[in-house]
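Me: I would like to learn how to read sheets, helix packing, domains and chain contacts in a model. Can you take me through one?

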Amino acid sequence: MPNKNIVRLAIPVAVGGLLLTGCSSDDGGSTIKIAYQGPLSGQNVGLGENMERGVQLAINEANASGDYDFELEYFAADDQGSETEATAAAQSAIDDTDVVAVVGPAFSGPTEISAPLYGQAGLAAVTPSATNPTLTEQEFGTFLRAVPNDNAQGAAMADFLAAQDGVDSVMVIDDVTPYGEGLSDVAVASLEEAGLDVQRQHVPQETVDYGNAARGVVESGVDALIYAGYYEALGPFTTRLDEAGFDGIGISGDGSKDEELVNLGGDATEGWYLTCPCTDATEEPGLADFAERYEAEFGLAPGTYSAEAYDITNMIIEQIAGLGGDPSREELYQALAGVEYQGLTKSFSFDDAGEFTNEAVFFYQVTDGVIGYLGGTEELIG
Amino acid sequence: MSGVPATAARTPLSAAARLRKGKWYEQPRWRRLGALLALAVLMAQVTGEQGVRNDLFHALEQNFKGGGVGVWVGIAVAVWLIREFFDDAVARGVSRLRERAGGPARTVRATSGRLFGRRGYRWGALGALLLVLIVLPLTVTTFWQQVLVDQIGVYVMLAVGLNVVIGWAGMLDLGFIAFFAIGAYSSAYWTGGLPVEPPVELNNFLVIPVAVVTCLVAGVLLGAPTLRLRGDYLAIVTLGFHEIVYLVAKNYAEFTGGTRGANGLDRFSLDLGFWSYDWTLDPVPYYWIQLGFVVVIIVLFLRLEHSRVGRAWTAIREDEVAAAATGVNTVRFKLLAFAIGASTSGVAGVIYASKQAFVNPEQFVVLFSILALSYVVFGGMGSVPGVLVGTAFLVWLPQFLRDRVDPQDRYMYLGALLVIMMIYRPQGLLPSRRRQRELRMAGEGVSGADALGARPGGERG
Amino acid sequence: MSLSDIWDVLVLGVVLGSLYAVIAIGYTLVYGVLQLLNFAHSEVFMSGGFGGVIALTLVEPAAGPTGLQSAGYVLLGMGAGAVLGGAVAFGLEKAAYQPLRRRNAPRLVFLLTAIGASFFLYNLAGKLFGRYPMKMPTMYENKKLFEVFGAGVSVTQLIIVLAGVLMLLTVDLVVNRTKLGSGIRAVAQDPEAAALMGVDIDKVVSRTFVLGGLMGGVAGFLFGTNLQVDYTMGFLPGITAFAAAVLGGIGNVRGAMLGGLTLGVVESFTVEIWGDAWRYVGAFAVLVLVLMFRPTGLLGERVGRTA
Amino acid sequence: MTAKATTTDDDVLDASGVTLRFGGLTSLDDVALRMGRGEILAVIGPNGAGKTSLFNSLTGAYVPQEGTITFRSRTGGAHELRGRKPYRVSRLGVARTFQNIRLFGALTVLENVKIAAETRQRTDAISIMLGLPNARRDERAGDEKAHRVLSFVGLEERINELASSLSYGEQRRLEIARALATDPELLLLDEPAAGTNPTEKRDLEHLIRRINAELGVSVLLIEHDMKLVMSVADRVVVLNFGRKIAEGTPAQVQRDAAVIEAYLGASAEEDRAAVADMVAEQTDAGPSAGPSAGSPPEKSPEKEERP
């Protein structure tokens, strides 16, 4: 009996193997591909698509401009924002020999797993959004962070609150994601350093009711609240805070700086401060123009990190052109690591660990249902 | 309560039903048309546009305007017409086709029967298969190697373990990935990767037995109080257990590293004095470890299935009351199945953690438990070959579809596939013979076996 | 914790618990007639949320609505939620479960179908309406209405509890007083006997699904009003509500209500004491403890199978 | 045909005061039952009299609220059965069959019996997985025993067939074989003749006698078929509405007015048939069977007061 059963494994497994091999053939081409690794399906697809469109827009414009004598192609590496899919996603980009650089990975968790693979393959991975500070400490090889890490934002929030009159106590709430916890770690440390009274809470982003959390904030009687998390959660949270009667200062990070925050939170978001290492699209003429082109291409306004992804892609394209239009992966990484590039959102340059050297953080505030630009940290705190 | 059937009898439901049958839309023909049209509209949505932000009706509008609905409705009406008016012709055609196709199929079956029928051939074929499996990863791209290890390999191992719990012992376990997580975190802990220092640092190979014991204990701790519960209750309790393990991994940051996880974990390494080897980023050596474990585990488990233990599991699955009356210690055997499944899951966890060199809670969400369960049932519960193939296929499919359909829709198609599969082939791809019989008997109303171990009201004897 | 704190937390718990209770009804009714863990019920609930959003987006609620307008919007949202929830439940039963029922398939096959249907439905919703959370259009100004022992109750909270109580009473009446109810109970108790006595099982089952779907749909709308609507919103509340149904004694309508309220309150206090991160730990600990001492749940399995 | 001598020390089963209630319903009311070693005792009574409840109480499926059930094994130990788990009862040496045959239909005849034959084996899962010699020995022992038992009941020809493919009478015998494979000292048969044809019935009667005589197993029998009861049982106990209303030799019980009344008062078809059988037995077998029926019983039957 057992033998017969073992035997019955044979056929299907063999068939599976054949199918696997059958799919593995890929034909080489002469085009150059730029990949994007991020969540293109699954829960966090919204954020992933923001960046993907930025990358696509840059590629389309480069091809249409006629300035370059090479054809660019977009390569999607969907990791679903999940660690389990991270190796496969990264490997799909690595395996395609036409891919010369990767924009991404978008999230810190998948980066932990994908970055070593990129390092091994010598393929530059420039993330627009993975902000966990420990990533650049691990010497992945080709990992470049084109965004200030959470340290800068957390410190800026703390400085800002410490400079406000009448703020003695602060509640820091994170959304129990790597992003939120990283940000709130830094914020808590900086606030304590500034001599403020700090309380810390964890409210998972998938929570079914923010009533308890809002009540907790109001009961604690704090003067200000830092929310380290994304707009999807902050929207309903502000509503409940408003209902519970919270009248202190509210401040959140770049994960919440999205038009959608106002749609989800409504009037309750009024007066909330938002920090972002990004400059404002409406302030900068170049960005306003970008927003128009983006909308014309995709039929909707750019979202969080769209412009950053666009910038990074353009930076990569410029380096490719600078290397004669047919660089090896290694060459391109070297060029990117030493880059000085002025994008729409900020100027890009990296230190030896691949960390972003420009630590400027900007402040925004929701006024009259619009996220308005306030200015850089220095301007505000003085 | 005893009065209920009487009340029901007094209400002239059947008479009313008969009256209503007279209306035209109640007639089967028109009903079928309605169903087909509904299906067409649904298919138009399934294959249509993606929705966009801030415009709720974008996709709906596009789907109706863009003609997608028209095409599908046309197809539906055509199918309906053919079905209603040319049914005989189609049936004749199909049977003729079947006859023609039957010949070659029979030859294939006969050949394979001859090939696998004899003992010598059988071992030869198995050896050849093993050889194919050993060299398989060397013939594919690194991408498929990664998929093979991180997804297919992991889930195949999990499915073989889950098959013991659900396929053989008939217990519905929705928290299987919890043990996978325990295994992975054990590996992280004993190799010194977590914020907490272990008493001694172990090599990953030595962690495997430790993880097995840990998962056994965890399985028994969870199982002992809950295995007396009925099938559905067990499902929710195991689901809850999974959620708790996940929450602990996520929130008990002092020990587990919290949401940011633990990185830079030790990978497998072997040092025999005269020869040493370190596993690195290359996926293939992990594949060979997985393959080795899967082969060993399958051999061990098949022995178990065809022993008194496997028979006792079948007895419990089919009729728990009768099994107990026959002297089978039902709780003990269920616990055994539970623990065996848990420890298999744990081993898979250790290998996975070593391969990824990174653990965080998001790799162990409840969704994966549900996926693992669907893989087992899809392949054919209780049948080891079925489970292997089913899992490999279903894990492979989304990767295969990656470039062929919108990646966002992959799980939608997976869901639809599961439903269709359960309607047309509930026994799974390659069902076990026992299970197939049980299904048939259930269909004929012969047996009360319901594949969940306990049948409703079965306790009443 | 002061006394007014306790009341505060209790109010939050009761509000959440009412939602769980209404969703749990759907699980329990279906379990009663089919012994089926209808995993896809969470997607019925999700559809209700979308139903509300769709209807209210179509009518575009006026800014600063009058009381009467507000009531109209709320009723419209509930109605739309119920309709879509009921329709999805109906379609689900017809397309996925009925073929299985005809063949007398084992319960595990049902369960897998339910899981598949759930995957399909929530991804389809994501595809059609976008995979983004959306806010329920504002129907009224959500201010504090009155206080219960110092705990404020807002408009939304009042609506949820009132609607919840009303629906639970309705279901209880339907199950215990109407023809459909006696059909449901008969099928739950013994499908074969019920069929012999002239009960049209197909009809009873499909109406049971619709009844559960109506409830689930309204719950989805209410939940969406309280939080927001997105295509994955069904999963967690669905699981908790199923736990609630089991806690109360699955198949038992009143048990589902009790179980829902219990879990809501337990969650609320768990969150208050240990923080939001441990929300479900308290709920599941209570579930396991109760099942260990009362294996058939708080009120036992009533609808059908009395021992 | 004389009732066997029963002294207290040699009783295999001694139950007294057994009371079992479900909610408000009393299923068994202060039932007492003594059974001598080697005896064949039949329990009869109209439908719903509590016969199966008694069996379930004896085998641990139900836990009666009151009473003691003492089982004395041959090795001399006295064991309380009330509240003991079913599998433990079986291991002590009390086996049973079910009224509605409960075989493992998807297993073969041999496998069905092997499951029972192997319940006392002690090899652990690890030895089995590793294929150690003790595991192989056990496997062989189970095989041999199952073969023995199957040839005892006359099913040796059908060893490799599926249990569900057997004829009704064969399934009955298989169920008995499965029970015998657990090495019982006391065998409880729940309506073994139900649904069998006259030939099968005769075979069954023969089988019961052989089990009793050749294997030395005491048999407790629930049966509706009066002919079988009268011919095979040493003594008969009559239950009605959960109470014992008569006890004695078949002949004594046959003439008992309370018994006949109980059957006439019952509504079920088969009960009426039983009373007809009883009366028939009385008229044609009564006088000729004079000596044995008339001989004084060694133990005066405990009877309820007659009206």
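This is a predicted model: local features need pLDDT of at least 70, side-chain atom pairs count only at pLDDT 80 or more; totals for chains, interfaces and linings use all residues.

Me: In what order do the strands of the open sheet in chain A run?

Reply: Start with the terms. Helices (H or I, at least four residues) and strands (E, at least two) are DSSP runs, numbered from the N terminus. Two strands pair if DSSP finds at least two bridges between them. In chain A, 5 strands form an open sheet in the order 2-1-3-4-5, with parallel pairing. Strand 2 and strand 5 (143–145) of chain A are at the edges with a single partner strand each, so one side of each has no neighbour in the sheet. From one strand to the next, the twist averages 25 degrees. Angles run from 0 to 180 degrees between N-to-C directions, and axes are lines fitted to C-alpha atoms, for helices over the stretch in contact.

Me: Which helix of chain A packs on the sheet?

Reply: Contact comes first: two residues are in contact if their C-beta atoms, placed from the backbone, lie within 7 Å. Helix 11 (residues 306–322) of chain A packs on the sheet and touches strand 1, strand 2, strand 3 (99–103) and strand 4 of chain A. The direction of helix 11 makes about 155 degrees with that of strand 3 of chain A.

Me: How many bridges join strand 1 and strand 2 of chain A?

Reply: Strand 1 (residues 32–38) and strand 2 (residues 72–78) of chain A pair in the parallel sense over 7 bridges. Between them the chain passes through helix 2 (residues 45–65) of chain A, and this β-α-β crossover is right-handed. Right-handed is defined like this: with the strands pointing away from the viewer, the path from the first strand over the helix to the second runs clockwise. For a landmark, find A:Gln37, opposite A:Ala77 in strand 2 of chain A. At strand 4 (residues 124–127) of chain A, the parallel pairing with strand 5 of chain A runs over 3 bridges. There A:Val126 stands opposite A:Leu144.

Me: And the faces of a sheet?

Reply: In a regular strand the side chains alternate between the two faces of the sheet.

Me: Where do the domains of chain A lie?

Reply: Domain bounds come from an automatic or database domain assignment. For chain A the assignment gives domain 1 (32–148 + 283–348) and domain 2 (151–276 + 361–381). Their centres, taken over C-alpha atoms, are separated by 29 Å. Across the boundary, 10 residues of domain 1 of chain A are in contact with 12 residues of domain 2 of chain A. To class residues, count Ala, Val, Leu, Ile, Met, Phe, Trp, Tyr, Cys and Pro as nonpolar, Asp, Glu, Lys and Arg as charged, and the others, Gly among them, as polar. The domain 1 side in chain A has 3 nonpolar, 6 polar and 1 charged.

Me: How do I read the angle between two helices?

Reply: Angles under 35 degrees count as roughly parallel, over 145 as roughly antiparallel, 65 to 115 as roughly perpendicular and the rest as oblique. In chain C, the axes of helix 6 (residues 179–189) and helix 8 (residues 201–226) come within 10 Å and cross at roughly 105 degrees. Helix 6 of chain C is therefore roughly perpendicular to helix 8 of chain C. Residues in this contact include C:Leu180 and C:Ile184 of helix 6 of chain C, and C:Val204 and C:Thr208 of helix 8 of chain C.

Me: At what angle do helix 6 and helix 7 of chain D cross?

Reply: The axes of helix 6 (residues 168–180) of chain D and helix 7 of chain D cross at roughly 10 degrees and come within 10 Å. So helix 6 of chain D is roughly parallel to helix 7 of chain D. By class, this contact has 5 nonpolar, 1 polar and 3 charged residues.

Me: How many residues of chain B are in contact with chain C?

Reply: 60 residues of chain B are in contact with 61 residues of chain C. Helix 11 (residues 231–251) of chain B gives the largest share of the chain B side, 11 residues. That side divides into 38 nonpolar, 15 polar and 7 charged.

Key: Residues are numbered from 1 along each chain as its sequence is written. Chains are lettered from A and ligands numbered from 1 in the order in which they are written.
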